[in-house]
Amino acid sequence: MTQQEHKPNDAEANIGSEQEEVSSGHETIFNQTQEAAEDAASEPDSVEKLKAELQEAKDNWLRSEAENQNLRNRHKKELDDTRLYSVQKFARDVVEAAENLRRGLDSLPAKTEGEDPILTKMREGFESTERSFLQILDKNGIKYEDPTGAPFDANKHQAMAEQPSDEHPSGTVIQSWTPTWTLNNRLLKPAMVIVAKAGEKKE
């Protein structure tokens, strides 16, 4: 009797096919599980990376905002300075007029009893005009200061001469030809002064 080769029947073929599908299914599930595990493992790194990027963006924004604020402050200061000191040249001309008015007053004879009434009225008129003029200047930020008796300050005074004096400490302003003028607390015109120096020793 000839031995015939065994051929799988349909049932056996189906069983084999089912086994392959199960094996394939297990492999798919394994791969998906492995990918999920890898994603889970990489997730903390992604979160940290996002946090770092967010912090960097925040730092850049804060730096940019600080620079913009500094720019705004600088621009505002420039505008304020322009507004306060744009009339500086005009102010110098005005104080020159005020000094000329004072020179005119000083040129009048000293007040005496029984002087000519016309001279008295002229003096009073000049003095009233000077007071009104100085008040207007003061309202507009232009102020004057008589430095007589104060220590010499090179930032506010211009020494025109030195004069020996036993009555004043060395470096004291003993006479001022013009006052110190300022515009909104900034020096507009220095005072022209005579400064005391140590008196000469007598033998």
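Good morning, colleagues. The structure above is a predicted model, and every value I quote is computed from it. Of the 203 residues of the protein, 18% count as buried.

I shall begin with the overall arrangement. The protein contains three helices and six strands. Read along the sequence, these elements follow the pattern α-α-α-β-β-β-β-β-β. Among contacts between residues at least 6 apart in sequence, 64% join residues at least 24 apart.

Let us turn to one of the sheets. In what order do its three strands stand? The order is β1-β4-β5, in an open sheet with antiparallel pairing. The edge strands are β1 and β5, each of which pairs on one side only. Neighbouring strands of this sheet are turned by 40 degrees against each other on average, with direction ignored. Helix α2, residues 88-107, packs on the sheet and touches β1, β4 and β5; the direction of α2 makes about 55 degrees with that of β5. Helix α3 also packs on this sheet, touching β1 and β4, and its direction makes about 120 degrees with that of β1.

Now to the pairing in detail. Strands β1 and β4 pair in the antiparallel sense over four bridges. Strand β4 is joined to strand β5, residues 186-189, by three bridges, and these two strands run antiparallel.

In strand β4, residues 180-183, both faces are covered. T180 and T182 on one side, and W181 and L183 on the other, are all buried.

For the pairing of β1 with β4, I take E145 as an example. E145 belongs to strand β1, residues 142-145, and stands opposite T180 in β4. Is E145 buried or partly exposed? E145 counts as partly exposed, because its relative accessibility is 40%. Leaving aside residues up to four places away in sequence, E145 touches K156, P179 and T180. The C-alpha atoms of E145 and P190, which are 45 residues apart along the chain, are separated by 9.9 Å.

I come next to the charged side chains. The count of salt bridges is 11. R103 forms a salt bridge with E96, the closest N and O atoms being 3.9 Å apart. R103 also pairs with E99, where the closest N and O atoms are 3.7 Å apart. E99 and R103 both lie in helix α2, four residues apart, which is about one turn of the helix. E99 forms a further salt bridge with K189, with the closest N and O atoms 2.9 Å apart. This pair links distant parts of the chain, since K189 is in strand β5 and E99 is in helix α2, 90 residues apart.

E99 counts as buried, because its relative accessibility is 4% and the limit for buried is under 20%. R103 is partly exposed, with a relative accessible area of 38%, and E96 counts as partly exposed at 31%.

The other sheet is also open, with three strands in the order β2-β6-β3 and mixed pairing. Strands β2 (157-165) and β3 (173-176) stand at the edges, each with a single partner strand, so one side of each is left without a neighbour in the sheet. The twist averages 30 degrees from one strand to the next. Eight bridges join β2 to strand β6, residues 191-198, and these strands run parallel. The bridge partner of A161 is I194 in β6.

Finally, the surface. I118, M122 and F126 make a nonpolar surface patch of about 280 Å². I118 lies in helix α3, residues 117-139, and counts as exposed because its relative accessibility is 60%. Thank you for your attention.

Methods
Residues numbered from 1 in each chain as written. Predicted model: local features only at pLDDT ≥ 70, side-chain atom pairs only at ≥ 80, totals over all residues. Heavy atoms only, no water. Patch = residues over 30% accessible without salt bridge, like charges linked within 9 Å, V, L, I, M, F, W, Y side chains within 5 Å. Areas by Shrake-Rupley, 256 points an atom, 1.4 Å probe, with all protein chains shown as cover. Salt bridge = Lys/Arg side-chain N within 4 Å of Asp/Glu carboxyl O. Buried < 20%, exposed > 50% of the residue type's maximum accessible area, 1.4 Å probe, protein only. Pairing = 2+ DSSP bridges. Axes fitted to C-alpha atoms, helices over the stretch in contact; angles between N-to-C directions. Contact = heavy atoms within 4.5 Å.
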